[in-house]
Amino acid sequence: MTRSLLTLLPALLCFGYFFGGVPVYWLHQRRAGVAREARIEARRRSLLIPKWLIYYLLWVIAPVEAALIRRRVSPNALSSAGLLLSLAAGAALARGWFDVGGWLFLFVGIVDLFDGRVARATGRSSRAGAFYDSVVDRYSECAIFIGLIVYYGGSWIS
């Protein structure tokens with residue numbers, strides 16, 4: 001398998017998983033309706049990300065969220081895992097492996113989505129946890145930027 005195909009494989013798998021589920025979600029929604037969430041309903045209307053898309057994405061990730069809750073994974077452990085993934089992404093970017101760094105950074109965003117959802121679902125949300133998540137998110141961003149700085153440090157860009 002060529003490197004370019006290996007780089008595209010995660011994109012194809014994600015595309016298949018996320019968009020292949022649209023017909024299934026449509027049938028599920030027609031049969032069972034949409035489980036509304038007050039947090040989403042309170043948002044203003046957006047042309048860029050409509051509410052049906054938010055509900056669809058939450059429906060798609062629900063099995064993973066349920067598995068994390070069943071396994072009693074701590075929201076702070078998810079935040080810490082996101083930081084570790086960011087450090088790995090930053091290291092990959094520093095080496096010029098933009099495909100690997102980009103995919104790792106994408107997974108950081110997905111993991112970051114789960115920490116708050118798991119905290120709310122298990123009743124473990126707190127101001128301290130939200131603060132920890134916020135601080136870890138900033139360190140994660142720094143890891144990515146440092147990786148890019150290391151890679152581009154000797155070029156005309158700097």
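This tour goes through ring pairs and then salt bridges in a predicted model. Residues are numbered from 1 along each chain as its sequence is written. Local features need pLDDT of at least 70, side-chain atom pairs count only at pLDDT 80 or more, while totals for chains, interfaces and linings use all residues, and side-chain values use heavy atoms, with hydrogens and water left out.

**Ring pairs**

Select Tyr25 and Tyr56. Their ring centres are 5.2 Å apart and the planes stand at 65 degrees, so this pair is edge-to-face (rings of Phe, Tyr and Trp, the last by its six-membered ring, pair if their centres lie within 6.5 Å; planes under 30 degrees apart are stacked, over 60 edge-to-face, the rest tilted). Tyr25 is in helix α2 (residues 22–32) and Tyr56 in helix α4 (residues 51–70); helices are DSSP runs of H or I, at least four residues, numbered from the N terminus. Tyr25 is buried at 8% relative accessible area, and Tyr56 is buried at 2% (buried is under 20%, exposed over 50%, partly exposed in between, with a 1.4 Å probe and protein chains only).

**Salt bridges**

Next select Glu37 and Arg117. They form a salt bridge, with the closest N and O atoms 3.1 Å apart (a side-chain nitrogen of Lys or Arg within 4 Å of a carboxyl oxygen of Asp or Glu). Glu37 is in the loop between α2 and α3, Arg117 in helix α6 (residues 98–121), 80 residues apart. Glu37 is partly exposed at 25%, whereas Arg117 is buried at 13%.

Finish at Arg138 and Glu141, whose side chains meet in a salt bridge (3.1 Å, N to O). Both lie in helix α7 (residues 127–152), 3 residues apart.

Definitions and conventions: Helices (H or I, at least four residues) and strands (E, at least two) are DSSP runs, numbered from the N terminus.
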